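Hi,

Here is the structure I promised to pass on. Please have a look at it first, and then read my notes below.

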Amino acid sequence: MRFNERELLCLARQPAEKAAEVLMRAPKKGSVLKKRLVKLVVNFLFYFRTDEAEPIGALLLEHCRITKEEENVFSISFLEEPERKYCFECDSEEQCQEWIEALKRASYEFMRRSLIFYRNEIQKMTGKDPLEQYGISEEARFQLGTRKQ
Amino acid sequence: MKLNERSVVHYATCDSPADHAGFLRKRVERHHHHAHHHHATSYQRRWFVLKGNLLFYFEERDSREPMGLVVLEGCTVELCEAAEEFAFAIRFDDAGARAYVLVADGHAAMEAWVKALSRASFDYMRLVVRELEKQLEEACKSLAACRKSPRRSSSSGRKRHLSNPALLPLQEKPAALENGYSTWGSGDGVPGGAACPDREEGHTKPPPLPPRRRSAASSTAGSPSPGLSPAMPESPVSPETACFSKLHNWYGQEIAALRREWQERQKRGHP
């Protein structure tokens, strides 16, 4: 599958939501923990060798599960292959929790659900649709109740 | 650069609803920045699917895997001066970046695509969500404040509550909304600074223009709202709104009754 790598590389250079040096292990058998710089930008987690400007790779964070593993460690896995885990070891338990929280909120799908939730709550409380002022109240992606996962 | 391609393909093809889908003709790029007339420009019909900030295209509508992906963060969507009618382009900022020239079947389809793509970025979505979060907080506070003040029996008092301008800033639609075709993507071409209030102030100002990419400092780090707690998918509730939800349920019944009354009065007033 082709993708616009150039734009993704550009995105990787943008200011990050969150960035840190951690130890990372890929799901491949026999993988070892390696020091990486990880950077959360919109719904992508980029990972770099610590001395390089260009990322080795990116993880799209849709339909993924973030799991607390052992101390200081969390993992990212994807819905269709839950056993294949990318593991990350942080410096501290606190840092680990911060990353888990940030990554759980990092998906577009999560934001969409938040939007629908807030829209509905505001509508219930005030009788008005807060999306009208944006001109996007009719868009299918913001409707209540019609979306599955 | 590696990408978790298997998962991305799965996301593209799973049955989670798409934000927009349809056939478009895609211009074939042959390493030219502009379509010179002495080279024949050709287009290929592909099935396009928009999910979030990701635009996938498939060879056929029933292809099992996408041919390609266009990550839409930081793009602008513009109508095109191409020889083709109903053409529009997705362009990116950095020098030398190619544009994706796409051709719709008709005017309505073109408009729908441009609208959908212009608002597809994660940044835009995040902006809207934060606005609504604030509005909900303000609505709850208003509610609580109203509760405390002495109740009036006159209908005008109740009406005032429901049409409290502090609840929803309906005035001043941002000008950019009317100009929907140009720079909604990253907003980089828009002097967004002018009309754009500092969101940290928490005033009920009109929603800001779609953002340039903001520095991390102004996104979550400095944000006044508390982090969302690890939420169940159905109700992403922050520690504060959990409490507001209770408030809401508590007062909800009264509001529903008031609103019904008010709506009935409106109906009577406007036959």
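A definition to begin with: helices here are DSSP runs of H or I with at least four residues, numbered from the N terminus. Please also keep in mind that this is a predicted model.

**Chain A in outline**

Chain A holds three helices and eight strands. Read from the N terminus, its elements follow the order β-α-β-β-β-β-β-β-β-α-α. Of the 149 residues in chain A, 56% are buried. Its exposed surface comes to about 6,600 Å², with carbon and sulfur atoms supplying 46% of that. If you look at contacts in chain A between residues at least 6 apart in sequence, 40% of them join residues at least 24 apart.

You can walk through part of it strand by strand. Strand 3 (residues 34-41) and strand 4 (residues 44-49) of chain A run antiparallel and are joined by six bridges. Within that pair, Val41(A) sits opposite Phe44(A). Strand 4 of chain A also pairs with strand 5 of chain A, again antiparallel, over four bridges; there, Phe44(A) has Leu60(A) as its bridge partner. The step into the other chain is parallel: strand 5 of chain A pairs with strand 1 of chain B over two bridges, and Ala58(A) stands opposite Leu3(B).

Is strand 5 of chain A covered on one face or on both faces? On both: Gly57(A) and Leu59(A) on one side are buried, and so are Ala58(A) and Leu60(A) on the other.

**Helices on the sheet**

**Salt bridges**

How many salt bridges are there over all chains? A search of the whole structure finds 16.

- Glu93(A) and Lys68(A) meet through their side chains at 3.1 Å, N to O. Glu93(A) belongs to helix 2 of chain A and Lys68(A) to strand 6 of chain A, so this pair ties together parts that are 25 residues apart in sequence. Glu93(A) is partly exposed, with a relative accessible area of 28%, and Lys68(A) is partly exposed at 33% relative accessibility.
- Glu109(A) and Arg112(A) form a salt bridge at 3.0 Å, N to O. Both lie in helix 3 (residues 108-126) of chain A, three residues apart, which is about one turn of the helix. Buried means under 20% relative accessible area. Glu109(A), at 3% relative accessibility, therefore counts as buried, and Arg112(A) counts as buried at 1%.
- Glu131(B) and Lys134(B) form a salt bridge at 3.6 Å, N to O. These residues are three apart in helix 3 (residues 122-148) of chain B, so about one helical turn separates them. Glu131(B) and Lys134(B) are both buried.
- Glu17(A), Asp123(B) and Arg126(B) are linked in a network of salt bridges.

**Where the two chains come together**

Two of the points above involve both chains. Strand 1 of chain B pairs with strand 5 of chain A in the parallel sense, and the salt-bridge network links Glu17(A) with Asp123(B) and Arg126(B).

Key. Residues are numbered from 1 along each chain as its sequence is written. Chains are lettered from A and ligands numbered from 1 in the order in which they are written. This is a predicted model: local features need pLDDT of at least 70, side-chain atom pairs count only at pLDDT 80 or more; totals for chains, interfaces and linings use all residues. Side-chain values use heavy atoms; hydrogens and water are left out. Two strands pair if DSSP finds at least two bridges between them. A salt bridge is a side-chain nitrogen of Lys or Arg within 4 Å of a carboxyl oxygen of Asp or Glu. Buried means under 20% relative accessible area, exposed over 50%, partly exposed in between (1.4 Å probe, protein chains only). Contact means heavy atoms within 4.5 Å. Accessible areas come from the Shrake-Rupley method with a 1.4 Å probe; for residues, only the protein chains shown count as cover.
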